[in-house]
Amino acid sequence: PASPPVGDPGAVAELARLLVEAKNPRIIAGRVARTPRGLTALVELAELLQAPVQDMRFTLRMNFPSRHPLRMPAGSPVADADVILGLEHPEFYGNLYAMTPQNRYGMTSRPLFAEGAKIATISSAELLTRSNYQEFGRYIEADLAIPGDAEATLPHLVEACRRLITPERRRAMDERGARIAAANRVALD
């Protein structure tokens, strides 16, 4: 069988830098986990960064455990995120922009994320898509778009992040994770 394409190592290193330096990263998972290894890699990345994950279950894939303390409900606000990573998400635009209903003047959109937030994607769809409309939805004006299979790229991203995390960043990440877990415990009770 063919090996899925892995994202460019330089781009993966840049994404790792963005994620490690982020104060409030957010991961939005679409069609990431084709195998149990994909689920394991996404959990490992989230726990390493202590970053919340929105698992878009409409894709018929379980990318992230539903009772994990870092799991955020689909459609959770992204306004506080300073780095947003979309993984194999077929409709990433819809998570980042509010759209008005179509009327005779067309549709307008407004970003749901904070000004200055960095948007990054890892998606094999980047290898196939040739037009900005049709069945593909809208392109995301990503600050960093990595063409490649997310499941195959995640282990490389985890290792790149691991190399960059200092003890000071580890403390900040652990504090962020504790806040997210506490908020999720309240939401589940």
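The legends below describe close-up views of a predicted model. Local features require pLDDT of at least 70 and side-chain atom pairs pLDDT 80 or more, whereas totals for chains, interfaces and linings use all residues. Residues are numbered from 1 along each chain as its sequence is written, and side-chain values use heavy atoms, with hydrogens and water left out.

**Figure 1. Overall fold of the protein.** The protein contains five helices and eight strands, where helices (H or I, at least four residues) and strands (E, at least two) are DSSP runs numbered from the N terminus. Along the sequence, these elements follow the pattern α-β-α-β-β-β-α-β-β-β-β-α-α. Of the 189 residues, 45% count as buried; buried means under 20% relative accessible area, exposed over 50%, and partly exposed in between (1.4 Å probe, protein chains only). Among contacts (heavy atoms within 4.5 Å) with a separation of 6 or more, 73% join residues 24 or more positions apart. The accessible surface is about 10300 Å², and 56% of this surface belongs to carbon and sulfur atoms; areas come from the Shrake-Rupley method with a 1.4 Å probe, and for residues only the protein chains shown count as cover.

**Figure 2. The nonpolar cores.** A nonpolar core is a set of buried Ala, Val, Leu, Ile, Met, Phe, Trp, Tyr and Cys residues joined through side-chain atoms within 4.5 Å. The largest core holds 39 residues, of which Leu15, Leu45, Leu85, Leu87, Leu157 and Cys161 touch the most other members. At least two residues of this core come from each of α1 (9-21), β1 (25-29), α2 (36-49), β4 (83-87), β7, β8, α4 and α5 (167-188). Beyond its neighbours within four places in sequence, Leu45 contacts Ile27, Leu85, Leu154, Leu157, Val158 and Cys161. Another core, apart from the largest one, has 13 residues, including Ile28, Leu96, Ala117 and Ile119. In soluble globular proteins, nonpolar side chains tend to be buried together.

**Figure 3. The aromatic cluster of Tyr93, Tyr97 and Phe113.** Rings of Phe, Tyr and Trp (its six-membered ring) pair if their centres lie within 6.5 Å; planes under 30 degrees apart count as stacked, over 60 as edge-to-face and the rest as tilted. A search of the whole structure finds two aromatic pairs. The ring centres of Tyr93 and Tyr97 are 4.2 Å apart and their planes lie at 15°, so this pair is stacked. Tyr97 also forms an edge-to-face pair with Phe113, at 5.5 Å centre to centre and 85° between the planes. Because Tyr97 lies in strand β5 (residues 97-99) and Phe113 in the loop between β6 (109-111) and β7 (118-123), the second pair ties together parts 16 residues apart in sequence. Tyr93 is buried at 9% relative accessibility, Tyr97 at 17% and Phe113 at 17%.

**Figure 4. Helix α4 and its cap, Asp149.** Asp149 occupies the loop between β8 (144-147) and α4 (150-164) and is buried, with a relative accessible area of 8%. A side-chain oxygen of Asp149 lies 3.3 Å from the backbone nitrogen of Glu151, capping the N-terminal end of α4. The backbone nitrogen of Ala152 lies 2.8 Å from a polar atom of the Asp149 side chain. Not counting residues up to four places away in sequence, Asp149 touches Pro4, Pro5, Arg34, Glu88, Ile122 and Ser124. The 15 residues of α4 should span 21 Å at 1.5 Å a residue, and the end C-alpha atoms are 20 Å apart, which agrees; the expected span is 1.5 Å times one less than the number of residues. Buried residues of α4 include Leu154, Leu157, Val158 and Cys161, and the cover over the buried residues of this helix includes α1, α2, β4 and β7.

Conventions. A polar contact is a pair of N or O atoms within 3.5 Å; within protein, one must be able to donate a hydrogen and the other to accept it, and residues adjacent in sequence count only if both atoms are side-chain atoms.
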